[in-house]
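Please read the numbered points beside the structure shown here.

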Amino acid sequence: MALITSLPRNEAGLTTALGILKQRLGDRLQTGEAICAQHGHTTTWIANQAPDAVAFAGSTEDVADIVRICADHRVPVIPFGTGTSLEGHVNAPAGGISVDLSQMNQVLAVHPEDLDCVVQPGVTRSQLNTHLRDQGLFFPIDPGADASLGGMASTRASGTNAVRYGTMKDNVLALKAVMPNGRIIKTAARARKTSAGYDLTRLLVGAEGTLGIITEITLKLHGIPEAMSSATCSFASVEEACNAVIATIQMGIPVARIELLDALTVQAVNAYSNLTLPETPLLLLEFHGSEASVAQQATTFGEIADDMGGTGFVWTASPEERTKLWQARHDAYWATLGLRPGAKGISTDVCVPISRLADCVTAAQEKTAELGLIAPVVGHAGDGNFHTLLLIDMENPEEIAKAEGFVGWLNDLAISMEGTCTGEHGIGQGKMPYLVKELGPATDYMVAIKQALDPQNIMNPGKIVARG
């Protein structure tokens, strides 16, 4: 298990702050061992560092009150949504208070004429889309897990639809946030664009709770497409599949999703979801638009795929068939665990220019084979982002060491290809060393921003950048 260095604890401050918070919050402050451990644990192999207590906030004012008390006594605060992050984002290396935002789960306003809405941070992606459905609108960012929108903003999440609709940074218009001194700010208005001052919205989007706690989010919405179609096509190699992706993007086909599954993942998905896909590298696509346009997009892609060596191209506009295919894609994590029952799945991601995607994926496959590791690959091929899921026996120190070495090697490889150590997982604790390798002196300015806004280092300390 990856070990993360603990930070100094402020025992006196913690004791005092916990006493005050207990008086203010009553039963909404929990200190039980199990609930604290739950709030320090995510789907990662990074060691669990539990907070000292969990405070359940019900409003922006609650969050501000909690933060002010913690600031007065130099106690860390760690925002928590649904716990689906992958790089130790919610760990408490210096102890402190986990601020659970799950009860702040109201859709506050929907403005259909302006294609936007205002939500609290505990609203999940699926909850919002259920709320919007009868208005003909949807929110397109889909990271796979049913994450909270506050967490998605904090980690700058993206997912399968990013190739067409962008990431969270492209779909957040404004935020309300509680800053490290407990002050409440609003970063922007609902206008579709602004040139008014520093872009504090995008400073907080992706800050992983290290600069403030997001308590309201104004999001862009989109009309539910008149028609959708999905397509699958198999290839003899990852290189052929990636060449088809590059040609599709270069031709300007407005694909909504274009996902790569390697042969191992297809094998696992077939078994888990009762599919009969050829067990070779696969592209899975979705097209949005009018009935005529989605048919034309699918046909054009089929022609491209044929030129690139693709076989077995099929497409469907059937909602049932589309749902089955995309559910299989979202179930890929659980499906691939079946390749090695009893193993723990350790997911890591990198992102490279799409012209280098085939090189990077192929090199990763060769490296894991050399190390004797089982590591299926899925990728958001349209933007060069892919995930490797290492299936590890966590009781085997040699395997763990190999896996940790591979993760470091892959991050370095992506950076050497003018890519990034993370396309969507975020930095958290797990990728901090690689951020420095990737951006060098730029991280000094990140530290300066952190020190300026959070001089006491109480906001989710020990994440993104190291500082005293």
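**Notes on strands, cavities, rings and backbone**

1. Strand β13 (residues 255–261) is joined to β14 by six bridges, and the two run antiparallel; strands here are DSSP runs of E with at least two residues, helices are runs of H or I with at least four residues, and both are numbered from the N terminus. Two strands count as paired if DSSP finds at least two bridges between them. Within this pairing, valine 255 stands opposite phenylalanine 287 of β14.

2. On provenance, this is a predicted model, in which local features need pLDDT of at least 70 and side-chain atom pairs count only at pLDDT 80 or more, whereas totals for chains, interfaces and linings use all residues. Residues are numbered from 1 along each chain as its sequence is written, and side-chain values use heavy atoms, with hydrogens and water left out.

3. Strand β14 (residues 282–289) also pairs with strand β12 (residues 227–234), in the antiparallel sense and over eight bridges, and the bridge partner of serine 230 in β14 is glutamate 286. On its other listed contact, β13 is joined to β17 by three bridges, again with an antiparallel run, and there glutamate 259 stands opposite histidine 380 of β17.

4. How many residues of strand β14 are buried? Eight of the eight are, so β14 is largely enclosed by the rest of the structure; buried means under 20% relative accessible area, exposed over 50%, and partly exposed in between, with a 1.4 Å probe and protein chains only. Leu282, Leu284, Glu286 and His288 point one way from the strand, while Leu283, Leu285, Phe287 and Gly289 point the other way, and all are buried. For β13, seven of the seven residues are buried, so this strand too is largely enclosed by the rest of the structure.

5. A search of the whole structure finds one cavity of 30 Å³ or more, and the largest cavity has a volume of about 40 Å³. On a 1 Å grid over the protein atoms alone, a cavity is a set of points where a 1.4 Å probe fits but cannot get out, a pocket is an open set with protein on both sides within 12 Å along at least five of seven lines, and lining residues have an atom within 4 Å of a point. Grid points are joined across faces, edges and corners, and a volume is the space filled by probe spheres set on the points.

6. The lining of this cavity includes Leu282 and Leu284, along with Thr232, Leu261, Leu325, Ala328 and Arg329 among others. Both β14 and α12 supply at least two residues of the lining, and α12 gives the most, with three.

7. The largest pocket holds about 1,200 Å³ of space and is lined by 48 residues, of which Thr84, Ser85, Leu86, Pro143 and Ala145 lie nearest its centre. Elements that give two or more residues to this lining include β3 (77–80), β10 (213–220), α12 (319–330) and β17 (377–380). By class, the pocket lining has 19 nonpolar, 25 polar and four charged residues, where Ala, Val, Leu, Ile, Met, Phe, Trp, Tyr, Cys and Pro count as nonpolar, Asp, Glu, Lys and Arg as charged, and the others, Gly among them, as polar.

8. Arginine 257 lies over the face of tryptophan 326, at 4.2 Å from the ring centre. A charge sits over a ring if NZ of Lys or CZ of Arg is within 6 Å of the ring centre and within 35 degrees of the ring normal.

9. Glutamate 418, in the loop between α15 (397–416) and α16 (432–439), has a phi near 65°, a positive value in a residue other than glycine, and at 74% relative accessibility glutamate 418 counts as exposed. Isoleucine 464, in the segment after α17 (442–453), likewise has a positive phi of about 65° although it is not a glycine, but isoleucine 464 is buried, with a relative accessible area of 14%.
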